[in-house]
Amino acid sequence: AEAFFVLGKLAKCASRDPQSYLCRQFHSNLVCLLLHLNGNSKEVSRACNSTLRQIIPFIGSDEALSKIEEQLGKPVLDYTEFLRDISKQFIKDFPDRIHSYVKDC
């Protein structure tokens, strides 16, 4: 959980330049964060929720930002629906990154 919190804290230092090192790291960790949202550990799930909210403004998709803010703000997350929606958005917005999302997972 702590590693996810640290990643989120790094967002305070990030540039919105999609080629910056931190932005590339945010993309590299997206799938891991999404998968751990529904994990067995409540602490890890909360850390991933918080970190996603902090890093998503830097990935370059206003639509993904809206979906994550909306869905993660709900009292109860419909995880399957959320994954379906956000995956479609990432495929639409970042078709060139699909291979790296699968590889980094």
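How many helices and strands are there in the protein? The protein has 6 helices and 0 strands, where helices (H or I, at least four residues) and strands (E, at least two) are DSSP runs numbered from the N terminus. The model is predicted, so that local features need pLDDT of at least 70 and side-chain atom pairs count only at pLDDT 80 or more, whereas totals for chains, interfaces and linings use all residues. Residues are numbered from 1 along each chain as its sequence is written, and side-chain values use heavy atoms, with hydrogens and water left out.

**Figure 1. Overall fold of the protein.** Along the sequence the pattern reads α-α-α-α-α-α. The C-alpha atoms fill a box of roughly 35 × 30 × 25 Å along the principal axes. The radius of gyration, taken over C-alpha atoms, is compared with a globule rule of 2.2 Å times the number of residues to the power 0.38. For 105 residues a compact globule would have a value near 13 Å, and the 13 Å of the protein agrees with this. Of the 105 residues, 38% count as buried; buried means under 20% relative accessible area, exposed over 50%, and partly exposed in between (1.4 Å probe, protein chains only). Among contacts (heavy atoms within 4.5 Å) between residues at least 6 apart in sequence, 58% join residues at least 24 apart.

Figure 2. Rolling a probe the size of a water molecule over the atoms shows where empty space is left. On a 1 Å grid over the protein atoms alone, a pocket is an open set of points where a 1.4 Å probe fits, with protein on both sides within 12 Å along at least five of seven lines, and lining residues have an atom within 4 Å of a point; a cavity is a set from which the probe cannot get out. Grid points are joined across faces, edges and corners, and a volume is the space filled by probe spheres set on the points. The largest pocket has a volume of about 290 Å³. Its lining comprises 16 residues, of which L37, S45, R46, N49 and L77 lie nearest the centre. The elements that give two or more residues to this lining are α3 and α4 (62-72). Helix α3 supplies the largest share, 4 residues. By class, the lining of the largest pocket has 6 nonpolar, 7 polar and 3 charged residues; Ala, Val, Leu, Ile, Met, Phe, Trp, Tyr, Cys and Pro count as nonpolar, Asp, Glu, Lys and Arg as charged, and the others, Gly among them, as polar.

Figure 3. S45 is found in helix α3 (residues 42-55). S45 counts as buried because its relative accessibility is 14%. Not counting residues up to four places away in sequence, S45 touches H36, L37, N38 and G39. T51 also has its place in helix α3. With 0% relative accessibility, T51 counts as buried. Beyond its neighbours within four places in sequence, T51 is in contact with F4, F5, L7, G8 and L33.

**Figure 4. L72 in helix α4.** The place of L72 is in helix α4, and L72 is buried with a relative accessible area of 5%. Leaving aside neighbours within four places in sequence, the contacts of L72 are L37, N49, L52, R53, L77 and F82. L72 and V6 are 66 residues apart along the chain, and their C-alpha atoms are separated by 19 Å.

**Figure 5. The second largest pocket.** About 200 Å³ of space lies in this pocket. The residues that line the second largest pocket include L30, V31, L83, S87, F90 and Y101. Helices α2 (21-36), α5 (79-93) and α6 (98-104) are the elements that give two or more residues to its lining. By class, this lining has 10 nonpolar, 1 polar and no charged residues.

Figure 6. Rings of Phe, Tyr and Trp (its six-membered ring) pair if their centres lie within 6.5 Å; planes under 30 degrees apart count as stacked, over 60 as edge-to-face and the rest as tilted. By this rule the count comes to 3 aromatic pairs. F90 and F94 form a tilted pair, 6.2 Å centre to centre with 45 degrees between the planes, and both residues are buried. F90 and Y101 form a tilted pair, 6.0 Å centre to centre with 50 degrees between the planes. This pair links distant parts of the chain, F90 in helix α5 and Y101 in helix α6, 11 residues apart. F90 and Y101 are both buried. Together, F90, F94 and Y101 form one aromatic cluster.
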